[in-house]
Amino acid sequence: SAGLSLKALDVFPKTVAEFRQKTTSGGAVSLVCSVLILLLTVTELVDYMQSTVEEHLEVDTSRGRTMTITMDLAFPALPCSVVHLELQDVSGNHLVDLS
């Protein structure tokens, strides 16, 4: 019968020895949880497999223009003669000893 087959599926039997018996309600909970886990796993796998990569390329028209960078750093124990600032942009332009 259906009750006996659900008892066989009960993976959460009681831990106390006198209550350690498989029940129909425990088998039903186990079956519902197993189906739910399987459904969620399959749904996530299908969603992962159907994902698409969307690429977008945009030309940077600001090349050659300069960008203002303001920095306020204090090195009280360092003389100004040893402080240097170097800048390199994405295109590889390298500027040394900026002030």
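**The whole chain**

Begin with the entire protein chain selected, and keep in mind that the model is predicted. The chain contains 2 helices and 2 strands. Followed along the sequence, these elements come in the order α-α-β-β. Next, display the surface. Of the 99 residues, 5% count as buried. Contacts tell a further part of the story: among those with a separation of 6 or more, residues 24 or more positions apart account for 5%.

**Helix α2**

Select residues 24-49, which form α2. This helix has 26 residues. How far does α2 reach from its first C-alpha to its last? The span is 37 Å, close to the 38 Å expected at 1.5 Å a residue. Now colour the buried residues of α2, which are Gly26, Gly27 and Ser30.

**Gly27**

Centre the view on Gly27, a residue of helix α2. Gly27 counts as buried because its relative accessibility is 0%, and the limit for a buried residue is under 20%. Which residues does Gly27 touch, leaving aside those up to four places away in sequence? They are Leu6, Leu9 and Asp10. Select Ala8 as well and draw a line between the two C-alpha atoms: Ala8 and Gly27 stand 19 residues apart in sequence, while the distance in space is 6.7 Å.

Is Ser30 buried or exposed? Its relative accessibility is 3%, so Ser30 counts as buried. Show the side chain of Ser30 together with the backbone of Gly26. A polar atom of that side chain lies 2.9 Å from the backbone oxygen of Gly26.

Finally, leave the helix and select Leu85, found in the loop between α2 and β1, the latter covering residues 87-88. Leu85 has a relative accessible area of 37% and is therefore partly exposed.

Note on methods. Residues are numbered from 1 along each chain as its sequence is written. This is a predicted model: local features need pLDDT of at least 70, side-chain atom pairs count only at pLDDT 80 or more; totals for chains, interfaces and linings use all residues. Side-chain values use heavy atoms; hydrogens and water are left out. Helices (H or I, at least four residues) and strands (E, at least two) are DSSP runs, numbered from the N terminus. Buried means under 20% relative accessible area, exposed over 50%, partly exposed in between (1.4 Å probe, protein chains only). The expected span of a helix is 1.5 Å times one less than its number of residues. A polar contact is a pair of N or O atoms within 3.5 Å; within protein, one must be able to donate a hydrogen and the other to accept it, and residues adjacent in sequence count only if both atoms are side-chain atoms. Contact means heavy atoms within 4.5 Å.
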